[in-house]
Amino acid sequence: MTAVADDTATETPDDADGGGFRFGNRIRGMVLSLLLLGLILASANIGQLGRLGRISGIIGIVVTVSAAVFVGLNLLVSQARRDWAVYRGLVGAILGGAGFGLLRGNRSVGALVADSEFQLLLEDGETIVVEDQALVDAIATIADPTLLEFASGWLGLIEWPILGVVLGGIAGYVTGSADRRLRLAAPTLIGLVSGWVIGGNLLFRNRPDTSIVSIVLAAVIGAAIVAGVSYAFGKRDVLVERALMGAAFGATIGAWLLPDLGTGSLAATRLACMVPLALLGLRFGWPEGRDANGMASFDRRARAAIFLAPALTFLTVNLVVPAIRTIITSFLDRDSEEFVGLDNYEELVTSERFLDWRSWRGEDGTLNVLTSQLTWLGIFLILAGFAIAYSINYTRNKTRGFDHSPTSRGTILVGGFLLAFAFFSVIRGTFPNTIWWMFTVTIGATALGLAMAVLSQKAGRWENVAKSLVFMPMAISMVGASVIWRLQYAPKNISGKQTGVLNAVWVELGDLSHAGVEGSDYPAWPRYLVLLVLGAILARLGFKIYGAWQRDEGFAGSSVGAIIVGWLFIEILLRDLGGFEVLDDGSVQAETVAFREAVQPFNNVYLMFILIWIQTGFAMVILSAAIKAVPEELLEAARIDGASESEQFFHVTLPQILPTLGVVLTTILVAVAKVFDIVRVSTGGNFGTNVLAHDFITESFQFLNRGVGSAMAVVILLIVAPVLIFNVYNMQKAES
Amino acid sequence: MKSTMLKLLASLFALSLIAAACGDDDPVEDTSADSGDADALAAAEDALAAAEAAKEAAEADAEAARAEAEEAAAAAAGGDEEVNPLAGTAVRITGPVRSPDEVAGLMGALDPFAEANDMTIFYVGSADWESEINVQIEAGTPPDISIFPQPGKLADFANSGFVLPLPDDVTASVSEHWSDGAMGFGNVDGVQYGVPDKTDLKSLVWYQPARWEAAGYTVPGSLDDLWALSNQMIADGNTPWCIGIESGTATGWSFTDWVEDVMLRRHSGETYDAWTSGELPFASPEVSGVMQEILDIWNTDGMVFAQGGTIASTSFRDNGEPLVNGDCFMHRQASFFSAFFPDGTPVQDGSEGAIDVFQFPQGDTDPPIVLTAGTLVGAFTDRPEVWAVMEYFGTPEFANLRQAAQKEAKGGGDVLSGFNTANLNVDRSLWSPLEQSFLEIMANNDVRFDGSDLMPADVGAGTFWEQGTALVNGETTVEAAAAIIDASWP
């Protein structure tokens with residue numbers, strides 16, 4: 001729309017003095033006006049539409065009017081620099097019209113000239129119609145009715161806004177004029193007139209019981225406070241304006257907020273309206289004309305405000321206000337009525353639902369974490385990692401100390417991961433569960449995504465196919481993904497076939513490793529075939545490792561492969577793999593795994609896997625883009641220096657993509673803290689899989705315990721807040 | 001430039017007008033007017049007197065309209081075509097009833113009433129009704145009428161003043177058709193709030209008589225006989241029970257039903273009432289003993305066939321098929337379970353594989369008490385058409401029409417409709433012989449409502465389900481579970 005203004009400026013030479021008026025623009029202006037007029041008429045008749053039509057109509061009107069206001073404000077600011085006085089006039093008119101309109105709209109003032117009638121709703125639901133506003137007030141004093149509606153003619157609806165537009169427009173225009181005396185006198189006078197009119201028409205119930213002394217006193221105090229503060233902060237050039245503004249505020253407080261409403265006299269009411277408005281007029285008439293710099297800075301700031309305002313408004317209404325409300329209700333009782341202090345938090349923290357130490361110690365008092373295989377495996381891996389680092393250092397440098405390689409780091413990380421799992425598996429409850437989710441999914445999805453991003457680069461023309469496949473789960477809703485995995489995890493009674501993929505494979509493996517034994521569907525030979533194949537792979541890997549050892553090359557990958565294949569080989573050899581149960585008579589029966597219910601607490605991990613499955617694609621796409629952005633020269637230089645593939649990755653690529661990695665980690669972390677759908681669909685929070693985000697919905701909306709529910713929400717907020725603060729801090733650091 | 005000014009003026013005009021139109025119905029503040037505008041005050045009193053007179057006249061009109069509405073409601077089934085005060089009105093109903101067959105039944109009963117009165121009745125069924133009704137009430141936009149599957153929830157809403165008490169005439173006309181016991185579920189502290197519209201019989205065991213005969217089993221007469229028979233079946237190499245308690249976010253309710261049924265057989269009705277009202281804690285020997293008894297039975301080797309591997313992972317819906325296939329001999333579930341048998345399952349026709357039921361055997365209580373559940377309707381708004389519909393919900397006409405429509409939706413003939421009612425004056429010939437026996441059992445025995453539905457939601461739809469599931473899944477002990485449930489009682 002600013003383009004319209006520019007068009008006019010360039011195409012019409014005499015536009016500079018404000019005389020230009022082109023046909024095209026006139027049409028556009030008329031169309032816009034007609035459109036708005038139509039909307040207004042529509043809004044007046046909207047009650048006659050059906051329910052659906054009414055709602056869509058309101059949405060349409062709100063959107064259109066918001067857009068019009070947005071565009072209009074931008075136009076306004078564009079005009080402001082060209083013609084300051086007209087701009088002031090327009091702003092004054094808008095404020096005046098809106099202010100007077102609000103007064104009338106909220107039924108604070110009676111009708112000005114047009115007749116109006118009031119419909120009063122009595123306490124028991126009856127309505128009576130009254131024509132005189134004084135009567136309305138009088139009835140209010142004896143019968144305690146509620147003012148339902150005031151109906152009046154077309155003029156009665158708009159007479160106040162029109163008066164406001166005229167008065168505000170004149171006052172605003174004059175403040176932009178050159179003559180100082182006029183600039184001071186006119187707005188003040190208009191303020192006085194407006195006050196006289198408003199005060200005279202104010203409904204009885206709004207009349208303040210005030211006096212000239214208290215108004216003046218409050219005005220002086222207000223002026224003194226504001227002027228003092230301005231002086232202290234060094235704003236001496238605008239001291240008078242500030243003081244006048246403070247006086248207006250003070251007078252408003254003294255006239256309206258301090259005294260009782262409803263018992264004042266007409267004179268006091270007029271005075272209470274006139275003094276603040278006159279002071280306000282004086283304040284806007286006071287300043288000297290703006291210089292070019294001031295206007296430019298005003299222009300900049302006004303535009304920033306206009307563009308930010310819609311977003312900030314939405315954020316405030318939808319995010320900030322609910323957040324503050326949630327924090328408040330977390331200190332109130334279950335019906336949000338009485339203040340209970342920290343009771344909700346105490347109830348939450350002391351409940352076993354939230355934090356459950358019951359499995360921390362076993363029945364004989366030993367620490368369960370010490371009897372868990374996970375702990376010892378984790379500790380072993382960490383020690384092994386350090387041993388590898390030590391041995392590398394010793395072979396290279398013949399000194400004591402650690403020289404970490406990807407292998408040693410990887411081993412230590414996996415060890416730490418397992419150790420963490422050991423702790424999470426004995427400290428139960430929704431709070432540790434939430435942390436466990438954040439820990440596992442964030443690390444899992446990021447690590448897998450990183451691996452996919454790196455590996456897919458080597459896939460050549462299959463890269464896009466591979467990436468698309470990994471990314472596809474992102475397109476599935478959490479609920480959909482949960483249903484898919486629910487079906488995969490599902491066990492069936494062993495009398496029939498397994499329909500869940502995982503249980504089918506698991507039971508079949510058990511059957512296979514018992515091939516030939518009574519109860520198995522397999523003859524003996526398939527087991528030997530599998531053993532033979534595994535043995536061949538094992539031998540091949542062995543040769544590979546031996547060769548690498550001889551040539552002094554790395555063999556971490558082959559070793560991991562050998563360990564896995566070797567484990568499979570031994571398990572099948574010992575008839576120990578898969579889901580089976582050996583009965584008393586020695587025959588073998590299938591045994592299923594109830595992934596979602598029975599394998600506690602690791603059923604949590606099976607649920608987490610669903611989210612990892614979804615989030616890996618996200619991590620992969622972002623990290624892949626970052627990896628591709630790493631300058632080829634750096635990698636080339638590293639290659640020339642003789643760095644291996646893994647060294648290139650760990651010493652060149654990884655440091656380059658660290659900021660992106662941070663973004664991915666924090667994004668996933670925040671997403672996981674809020675996980676709700678997966679738990680809801682998979683287990684409904686049963687079987688020890690509840691997390692905070694799920695529990696607080698149940699607590700707030702099913703049990704209607706607002707207090708404890710809000711406290712849980714606040715805990716989630718507290719968990720997420722550090723991550724967000726870290727993110728913002730990083731962003732600001734990157735900018736500076 | 002002038003043209004842009006014109007546009008600005010237009011938009012500014014709009015803004016001020018909207019501001020004028022934006023005002024809300026602000027309530028008038030309480031004022032004590034010492035300010036003496038004597039004339040105005042006198043005039044006001046005149047106006048008020050006039051208003052009172054007008055109001056009385058209006059009230060008389062409203063009373064007359066109500067009376068007419070009631071007549072019309074009564075005449076509706078007959079299809080009287082007089083000038084109807086309900087004409088043109090609309091009533092909005094919400095509820096958890098959602099399956100196509102059930103909605104067909106419900107609408108099959110409501111639509112004729114709406115047509116006869118030239119009014120509109122909307123029904124919105126929701127799977128998430130439990131949460132949605134809370135939100136709607138909080139938001140101040142409740143439906144006119146809602147169908148409550150839990151009397152506890154109705155009582156909650158009644159106590160907080162959202163559900164309105166029935167007018168006396170509605171209560172009187174509804175109680176003509178229902179026993180005191182059934183009416184009592186909608187009664188809160190002596191005030192009637194709910195109209196019962198559907199009743200399910202819960203104390204039932206589904207079985208296949210032909211297979212029992214072949215194996216030489218007979219229907220047991222007492223709870224101990226039932227356990228003995230179960231053990232006999234295991235000894236014969238058969239699996240006695242099909243059990244599964246999974247039900248999405250409501251997982252565990254089947255277990256609570258077992259607890260309630262056995263409570264009624266091991267202890268008296270008074271003990272049951274004390275338990276459901278919170279006087280008798282779960283940790284008491286009575287309740288804990290019953291929970292332990294059930295767990296012991298369920299955990300006996302070979303006792304339970306669980307379609308999904310474990311009891312906790314088997315959906316309660318999945319127990320119909322194994323019973324029909326002969327994987328187990330008994331399944332204890334409410335009357336509505338007929339809807340979950342595979343299509344075409346023969347019922348009570350003497351054929352091999354036909355399904356039948358026997359009453360969950362009586363225990364020591366005398367007179368025998370059966371466990372029921374069901375739905376009640378409660379009203380949120382006070383309008384004549386709303387009360388007319390409320391009253392209609394309690395009539396035998398409603399039940400008959402609903403049964404006919406639901407049976408039709410299920411394929412017609414002598415099928416099990418899944419809709420049962422304890423309404424005393426229904427035309428029982430509309431029901432299949434099997435369901436007629438349900439209606440008779442409910443009419444002839446003392447009844448108790450599903451206990452978990454009577455308890456506050458924190459317990460009845462919360463910890464009782466949750467801890468029950470944990471118990472069945474072997475995660476906790478009865479003692480620990482009872483302590484947690486007792487602690488959650490608000």
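Colleague: How many residues does helix 3 of chain B have, and how far does it reach from its first C-alpha to its last?

Modeller: Keep in mind that this is a predicted model. For a helix, you compare its reach with what 1.5 Å a residue would give. Helix 3 of chain B, residues 100–116, has 17 residues and reaches 24 Å, close to the 24 Å expected.

Colleague: Which residues in helix 3 of chain B are buried?

Modeller: Buried means under 20% relative accessible area. In that helix the buried set is B:G105, B:L106, B:M107, B:A109, B:L110, B:F113, B:A114 and B:A116. Just past the helix, B:D118 has a positive phi of about 55°.

Colleague: Over to chain A. Which residues gather in a patch of positive charge on the surface?

Modeller: That patch brings together A:K235, A:R242, A:R300 and A:R301. A:R300 sits in helix 11, which covers residues 292–329.

Colleague: Why does A:R300 count as exposed?

Modeller: The cut-off for exposed is over 50%. A:R300 counts as exposed because its relative accessibility is 60%.

Colleague: And which residues form the nonpolar patch?

Modeller: A:L308, A:L312, A:L315, A:L319, A:V320, A:I324 and A:I328, with about 640 Å² of accessible area together. Take A:L308, which lies in helix 11 of chain A. Its relative accessibility is 48%, so A:L308 counts as partly exposed.

Colleague: What about A:L103, where is it found?

Modeller: In helix 4 of chain A, residues 84–105. A:L103 is partly exposed because its relative accessible area is 23%.

How values were computed. Residues numbered from 1 in each chain as written. Chains lettered and ligands numbered in written order. Predicted model: local features only at pLDDT ≥ 70, side-chain atom pairs only at ≥ 80, totals over all residues. Heavy atoms only, no water. Patch = residues over 30% accessible without salt bridge, like charges linked within 9 Å, V, L, I, M, F, W, Y side chains within 5 Å. Areas by Shrake-Rupley, 256 points an atom, 1.4 Å probe, with all protein chains shown as cover. Salt bridge = Lys/Arg side-chain N within 4 Å of Asp/Glu carboxyl O. Lys, Arg positive; Asp, Glu negative; His and termini not counted. Charge placed at Lys NZ, Arg CZ, Asp CG, Glu CD. Helix = DSSP H or I, 4+ residues; strand = E, 2+ residues; numbered from the N terminus. Buried < 20%, exposed > 50% of the residue type's maximum accessible area, 1.4 Å probe, protein only. Expected span 1.5 Å × (residues − 1).
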